[in-house]
Every structure is written in C-alpha cells, then in structure tokens.
Amino acid sequence: MMEHDKQSENGVNILYCGDRNIEDGLLLSTLSLLRHTAQPLHIFVMTMDLTLGERKILPVSQETVRYLNDYVRRENRENSVTRIDASALFLAELPAANLRTRFTPCCMLRLFADRVPELPERILYLDNDVLCRGDYSAFYRQDMAQRELAGVLDYYGKWFFRNRLCHMDYVNSGVLLLNLARIRETGLFARCRVMCHDKRMFMPDQSAINKLAQSKTLWSRAYNEQRRLHQDTVFQHFTTSFRFFPWIHTLTVKPWQIEQVHQKLKLHEYDDIFREYTELTAAMKGYLL
C-alpha cells in the first residue's frame with residue numbers, strides 16, 4: 001500500500017493552496033485544526049513561483065513549512081506538513097482568461113490537485129481564512145462513493161447562481177471535501193482548467209467547479225459559516241460580508257487581523273488560538289533569522 005493511501009485511512013488529510021501571502025492564515029488555520037482532532041493530521045500546501053509581467057508571485061517558503069512541520073509533530077509524531085511546488089503544472093495549463101482578474105491566480109491552484117499523485121484520494125480543502133472550532137469528523141468521514149465533492153452553499157451566491165431554477169446548489173469553494181479518485185475519473189478539474197483558460201469569470205475556480213461538477217453533497221452552513229458565528233459552527237470562514245448599519249457597506253476582516261477581529265467583529269472566540277499564534281510567529285522569526 002502506498003504511503004498516501006495509509007495516510008488517507010489513518011489520519012485527516014488537509015489541503016491549502018496559495019502563495020507566500022497565505023502563511024499567516026496557514027499557521028492560524030492549522031492551529032485551530034490541531035485542537036479538534038486526535039487523529040494524525042496530514043497537511044499539504046500547494047504553492048507556486050510565478051511571474052506575470054511586473055507581478056511576482058512568491059511561493060510559501062520552505063522554511064515556514066519546515067518550522068510548521070516540526071511544530072505539529074510536537075503534538076503528534078504522526079502529524080506532517082508537506083509543501084508541493086505546483087509551478088510547472090500551473091505553467092503547463094495556464095488559466096489564461098483569468099490571470100489578471102481581481103482574484104489571485106493562486107485561487108485556481110486547487111484545480112490542479114488531481115495532477116498531484118502524492119495527494120491522498122480523500123482530502124479536505126480549506127481556504128487559509130477558515131478557522132475550526134469543533135469536531136469535523138462527521139463531515140470528513142462521510143460516504144463519498146460516487147461523489148466528486150462535498151461542501152456548503154455559498155451564503156450570497158446561492159440566491160443568484162444555480163444550475164436549476166428552483167434548486168439551490170451553488171457551493172462555496174472555501175471548504176470542500178474532495179474525492180480525488182472520482183474527480184480524476186470524471187475529469188472535473190481537467191474540465192475546470194479548460195474553462196478557466198477559455199472563459200473569463202467572476203470567482204473563476206468557484207464558478208467552474210459549480211458549473212461542471214456532476215455529483216456533490218450539500219451540508220449545513222455549520223461546516224462553512226460565512227456570515228456570523230453560531231453555537232454549532234464547526235468551520236468559520238472569514239469572507240467578505242455585507243453590513244447594513246449605519247450604512248450599507250462591505251466588511252472584510254481576516255483572522256490574522258486580530259485587533260480588527262476584536263474591534264469590528266466583536267469576536268473573542270479564538271483568543272486562545274491567537275495567543276498561540278502570536279507565540280508561534282515570534283518563535284518562528286527567531287528560528288528563521
């Protein structure tokens with residue numbers, strides 16, 4: 001049996017994707033996951049090095065991943081953090097029509113997961129602005145036979161985007177349980193990459209997945225809470241939201257913006273994780289010097 005198959009059976013597999021700008025979120029999100037599973041945690045970080053004209057995209061550093069790997073292994077010797085350089089894969093199938101949208105090209109990295117043989121067949125993709133606050137085993141261990149993915153409806157998009165008029169099915173791509181074996185069989189991500197190459201879209205990766213997915217399972221908002229914290233929230237996703245007082249405006253606060261989380265969101269739920277994160281980043285700076 002291959003090593004990644006053993007990981008799939010014996011632990012929890014997590015996928016993050018992005019450039020160096022995700023490092024703060026990667027650390028925080030990982031710390032939150034560690035608090036809510038007793039099983040070995042296998043984290044994979046897909047990243048890339050890319051130059052687009054004068055724009056330079058720097059990968060998640062090897063030093064950050066190495067330090068984080070050492071840190072999580074203190075909790076459980078079977079834990080691991082693995083960095084995957086997907087630069088060549090991305091360059092081979094550039095999403096040409098969507099390279100210069102307001103969304104970073106790195107948001108489309110997850111669409112290359114089926115091309116990475118070391119990734120296990122069952123893996124939970126998380127955006128770096130997702131924090132865990134509860135047991136996610138029911139979501140992670142669900143029956144995925146013949147299902148490409150499982151997720152939660154997009155809080156706003158479910159009203160405006162749907163494949164069938166009377167059926168809400170527009171999934172937010174920030175929390176997705178992926179069945180990579182099935183995705184390879186159906187060619188879902190391969191078709192998504194072609195779509196991102198040919199057609200300019202709003203939120204290209206999410207739009208392509210929702211347009212082309214053939215089989216998905218929908219779960220309650222508790223597993224991707226995109227608006228406000230509730231008592232049953234398992235994953236809180238710090239997305240942009242609309243506020244209507246004292247005027248209509250958007251609000252974007254990310255979990256690593258700790259002062260704004262306290263002041264603007266009035267949220268102290270994660271203060272213990274914030275303290276650990278602050279200590280970790282301070283220690284890591286000393287380690288990297």
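Colleague: Before that, what should I know about the source and the numbering?

Modeller: This is a predicted model, in which local features need pLDDT of at least 70 and side-chain atom pairs count only at pLDDT 80 or more, while totals for chains, interfaces and linings use all residues. Residues are numbered from 1 along each chain as its sequence is written, and side-chain values use heavy atoms, with hydrogens and water left out.

Colleague: How many helices and strands does the protein have?

Modeller: The protein has 11 helices and 13 strands, taken as DSSP runs numbered from the N terminus (H or I, at least four residues, for helices; E, at least two, for strands).

Colleague: And what percentage of the residues is buried?

Modeller: Of the 289 residues, 56% are buried, where buried means under 20% relative accessible area with a 1.4 Å probe, counting protein chains only.

Colleague: Which residues touch the most other members in the largest nonpolar core?

Modeller: That core has 49 residues, and those touching the most other members are Ile 14, Leu 33, Leu 41, Leu 124, Leu 126, Tyr 136 and Phe 235; a nonpolar core here is a set of buried Ala, Val, Leu, Ile, Met, Phe, Trp, Tyr and Cys residues joined through side-chain atoms within 4.5 Å. Helix α2 (residues 23-34) gives the most to this core, with six residues. A second, separate core of 43 residues includes Tyr 125, Leu 149, Leu 178 and Met 195.

Colleague: Switching topic, why is α9 largely enclosed?

Modeller: Helix α9 (residues 204-212) is largely enclosed by the rest of the structure because eight of its nine residues are buried. Among them are Asp 205, Gln 206 and Asn 210, and the buried residues of α9 pack against β8 (149-153), β9 (171-179), α8 (188-198) and β10.

Colleague: Where does Lys 216 sit, and what is its nearest side chain of opposite charge?

Modeller: Lys 216 is found in strand β10 (residues 216-219). Lys 216 is buried without a salt bridge, and the nearest side chain of opposite charge is Asp 169, 4.7 Å away; a salt bridge would need a side-chain nitrogen of Lys or Arg within 4 Å of a carboxyl oxygen of Asp or Glu.

Colleague: What does the Lys 216 side chain have as polar neighbours, then?

Modeller: A polar atom of the Lys 216 side chain lies 2.7 Å from the backbone oxygen of Asp 169. The side chains of Lys 216 and Asn 210 are joined by a polar contact of 3.3 Å, meaning a pair of N or O atoms within 3.5 Å, one able to donate a hydrogen and the other to accept it, with residues adjacent in sequence counting only if both atoms are side-chain atoms.

Key:
Buried means under 20% relative accessible area, exposed over 50%, partly exposed in between (1.4 Å probe, protein chains only). Lys and Arg count as positive and Asp and Glu as negative; His and the chain ends are not counted. Contact means heavy atoms within 4.5 Å.
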